Amino acid sequence: MCGIIGATGLDDVVDLLVEGLERLEYRGYDSAGLVLTFPSGLWRVRAADGTRSVSALRELAASAPGGARAGLGHTRWATHGHPSIENAHPLFDCTGRVAVVHNGIIENHAEIGARLQAAGHTPTSATDTEVLAHLIEEHMGTGQSLAESVRAALLVVRGSFSIAVVSADEPELLVAARRNTPLVLGLTDGAALLASDIPALLGRTKRLFVLADDQLAELRPGSVRVTTLAGEEVDPPALSVDWDLAAAQKGGYEDFMSKEIREQPRAVADTLLDRRRPDGSLTLDEARLSDDDLQKITKVYIVACGSSYHAALLAKYAIEHWARVAAEVDIASEFRYRDPVLDPAALAVGVSQSGESLDTLLALREARRRGARVLAVTNVVDSSIAREADAALYTRAGPEICVAATKTLLAQIVALELLALTLAQVRGTRSAEEIGHIIDSLHRLPEMIEDVLSREKEVDQVAEALAGARDFFYLGRNVGYPVALEGALKLKELSYLHAEGYPAGELKHGPIALIEPGTVVVGIATRNPLWEKFQSNIAEVKSRGATVVLVANDGDERAEALADHVLWVPEAEQLLAPVVDIVPLQLFAYRLARLHGLDVDRPRNLAKTVTVE
Ligand code: G6P
C-alpha cells in the first residue's frame with residue numbers, strides 16, 4: 001500500500017505535496033516521488049532511500065522550477081518490483097507527458113503489459129502500475145481527453161486501485177479514481193486536493209469528500225466533478241471530520257507511538273461515551289441494528305488482521321461469557337477461503353482500526369454474500385469497511401499514525417466489550433445490575449491505564465536489564481493469551497527481536513524445547529482462576545533457565561517470588577483486564593526498540609494500512 005497526495009490551483013504546491021507525503025509515510029516509505037505539471041512538460045523527482053525517502057525527496061524538490069500549480073506525490077510500499085528509483089511513482093507513459101500514481105494492485109498487469117509491449121510501448125519499471133500510464137497514453141493518442149482516457153483504461157484493469165493522473169496536455173487537471181482502496185478529495189476556494197488519508201489534507205481544508213468505489217474525479221482549481229466509471233454524474237458525500245491537524249501531529253512527544261500510548265486513557269474514555277440510555281440500558285447508537293436484529297443472532301463471526309485480530313480474540317471470551325452466543329474468530333485473509341457456513345441469523349463483525357484492510361473488507365463481503373448481517377468496528381468514520389457494513393460501531397481513538405497499533409487496539413477491545421454487553425442485554429443473559437456493574441468497571445479503566453503509564457520508568461528498567469536478550473516467549477491463559485500474542489507482536493514489530501506468543505498450557509507440546517538459559521519468558525499473570533496452573537507453567541520454564549518477567553497485580557507475592565522482574569499493574573475485572581495488562585507490554589516493546597536504536601513509528605517492512613491481499 002502507498003500514500004497518494006495531489007493538488008491543483010495552489011501557489012505552493014510543492015510544499016503541500018512534501019508535507020502531505022510526510023503525513024502519509026505510515027502507509028509505506030520505501031521510495032517516494034513527485035511530479036509537477038507545466039504546459040511544456042512534466043517535472044519529476046524520485047528517491048528510494050528506505051525510511052529516509054520522503055526527507056530525501058524534500059531535498060530534491062528544493063530545485064523544482066517555479067510556476068507549477070498542479071502536481072502529484074507518492075510514497076510507496078513495494079508490492080511489484082523492488083523498492084528502487086525506477087519503480088518509484090509517479091510513473092510515466094512513453095511520451096513522458098502522462099504521469100500516474102497508484103495505491104493497490106493491478107492483478108492483470110502481465111497480460112495488459114504483454115499486449116502493450118507488442119504494440120510498441122516500452123516499460124521502464126517492474127511495477128504493476130506502469131501499464132496504466134501506457135493504457136492512458138493509447139487512449140489520449142486517439143484524441144480522447146485525459147479523463148476519458150483514464151476511464152477507458154480502468155475498464156480493462158482488474159484489482160484494487162486508488163490512482164491519480166496528470167498530463168502536460170491539461171496541466172491544471174488531476175484525474176483520480178478508486179476501487180477498494182481509499183481516496184479523499186478536498187476543496188478550497190481556489191484549489192482542489194486529493195489524498196489517501198485525511199491527515200494529509202487537514203492543514204489545508206476541512207471541506208472533504210469521499211470518493212467511492214468505481215468513481216472517477218476530475219479536480220480543477222476550486223472545483224471537483226465526480227462521475228461513476230460508467231459515466232453517471234455523482235454528488236460526492238461530504239466527510240465529517242472532528243479532528244484537527246494538531247491531533248494528527250506529534251504534540252510535543254518524541255514520536256507518535258509515545259503520544260498514542262499516552263492517549264490511551266482518553267481513547268478508552270471516549271469510546272465509552274454516551275452509550276447508556278437515561279434508563280441505564282445500553283445503546284450502540286451508530287450501530288444500525290435493532291434490538292430485534294440482535295436478539296435473533298445465533299452466531300457471531302469476527303474477522304480481523306494484526307492487532308485487531310487480538311481484540312477479536314478477546315471479544316470471543318466476552319461475547320460467549322456474557323451473551324451466551326457462540327463466537328468464532330478468523331484471521332480475515334483465511335476466512336473467505338475456508339468455505340464458512342453463514343446465514344441471516346449470523347452476525348459478521350469486522351474489526352479494523354483503519355477500516356481499509358483489504359483482507360477484512362473482502363472477508364466481510366464474503367460474509368454478506370453468504371447472508372450474514374455485517375457490523376464494522378473501526379476507528380475511521382466513512383472508511384471503506386464502515387461504508388459497506390450494515391452498521392458501524394466506531395472506536396473514538398482519534399488518528400493513529402504510528403504503524404504499530406496501540407490506542408486503537410484498546411479502544412477496539414472496549415468497543416467489542418460494549419457489543420458483548422449489548423448482546424447480553426437484548427438476549428436477557430445478564431441482569432441490568434450485572435451489566436451496570438460491568439459498565440462501571442469499564443469506566444474505571446482509563447484511570448487504571450493512567451496508573452500503569454505513571455510507572456513507565458519501572459518498565460524501562462526491566463527493558464534495560466534485558467536489552468541483550470534475543471528470544472522472547474509470551475505466555476498467557478484465558479484472556480491472557482491474546483494479551484501474550486499482542487505483547488509478542490509489538491516486540492517483533494518494533495524491535496525485530498524473535499518473539500512468540502503462546503497459550504501457556506500449550507508450552508509443553510513443543511515450544512518448551514526452545515527454552516534455554518537466556519530465553520526471556522513474559523507471563524501474563526494477573527489474577528484469574530487459572531493462576532495456579534499458570535504458576536506451574538512458569539515453574540517449568542524457570543527450571544530450564546529462562547529469565548521470567550511477569551505482568552502481575554499489585555501486591556501479588558507469589559508473582560514476586562516466581563519472577564526475575566515484575567511489571568506491576570492494578571487489578572481489573574478478569575474480562576476487562578487485558579485493557580490494562582497490554583499497556584506495560586507496549587511500553588516494554590517501545591523501550592527495547594529505542595534501546596536498539598530503532599525508529600518506532602516506522603518499523604521496517606511494515607505499513608499501517610494494508611490494502612493488498
Ligand atoms: C497492519 C498494522 C497493524 C494492524 C493491522 C490491521 O499490519 O501495522 O498495526 O493491526 O494492519 O489493520 P487494521 O487497520 O485492519 O486494524
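**Stop 1: a stacked pair of rings**

Select phenylalanine 473: its relative accessibility is 1%, so it counts as buried. Keep in mind that you are looking at a predicted model. Phenylalanine 473 and tyrosine 502 form a stacked aromatic pair, 6.4 Å from centre to centre, with 20° between the planes. Planes under 30 degrees apart count as stacked. Phenylalanine 473 belongs to strand β21 and tyrosine 502 to strand β22 (residues 498-503), so this pair links distant parts of the chain, 29 residues apart.

**Stop 2: an edge-to-face pair**

How many aromatic pairs does a search of the whole structure find? It finds 3. For another one, select phenylalanine 472 and phenylalanine 588: their ring centres are 6.2 Å apart and their planes meet at 65°, so the pair is edge-to-face. Phenylalanine 472 lies in strand β21 (residues 471-476), and phenylalanine 588 lies in helix α20 (residues 577-595). The pair therefore ties together parts that are 116 residues apart in sequence.

**Stop 3: the five-strand sheet**

Colour the strands β21 to β25. Strand β21 is part of an open sheet of 5 strands, in the order β22-β21-β23-β24-β25, with parallel pairing. Which strands stand at the edges? They are β22 and β25 (565-569). Each has a single partner strand, so one side of each is left without a neighbour in the sheet. On average, neighbouring strands of this sheet are turned by 20° against each other, direction ignored.

Zoom in on β21 and strand β23 (residues 520-524). They run parallel and are joined by 4 bridges. Select leucine 475 and look for its bridge partner in β23: this is glycine 523.

**Stop 4: helices on the sheet**

Show α20 again. This helix packs on the sheet and touches β21, β23, β24 and β25. Its direction makes about 130° with that of β25. Next, select helix α16 (residues 456-465), which lies across β24 (547-553) and β25. Helix α16 runs at about 155° to β25.

**Stop 5: two helices side by side**

Show the side chains where they meet. From α14 come Leu409, Leu410, Ile413 and Val414; from α20 come Val579, Ile582, Val583 and Gln586.

**Stop 6: a strand covered on both faces**

Move to strand β20 (residues 391-394). In a regular strand the side chains alternate between the two faces of the sheet. Ala391 and Leu393 are on one side of β20, with Ala392 and Tyr394 on the other. These four are all buried, and both faces of the strand are covered. Alanine 376 stands opposite alanine 392 in β20.

**Stop 7: charges over rings**

Select arginine 44 and phenylalanine 92. The arginine lies over the face of the ring, at 3.8 Å from the ring centre. Finish with arginine 558 and tryptophan 531. Here the charged end of arginine 558 sits over the ring of tryptophan 531, 4.6 Å from its centre.

Notes. Residues numbered from 1 in each chain as written. Predicted model: local features only at pLDDT ≥ 70, side-chain atom pairs only at ≥ 80, totals over all residues. Heavy atoms only, no water. Phe/Tyr/Trp six-rings, centres within 6.5 Å; stacked < 30°, edge-to-face > 60°. Buried < 20%, exposed > 50% of the residue type's maximum accessible area, 1.4 Å probe, protein only. Lys NZ or Arg CZ within 6 Å of the ring centre and 35° of its normal. Pairing = 2+ DSSP bridges. Contact = heavy atoms within 4.5 Å. Axes fitted to C-alpha atoms, helices over the stretch in contact; angles between N-to-C directions.
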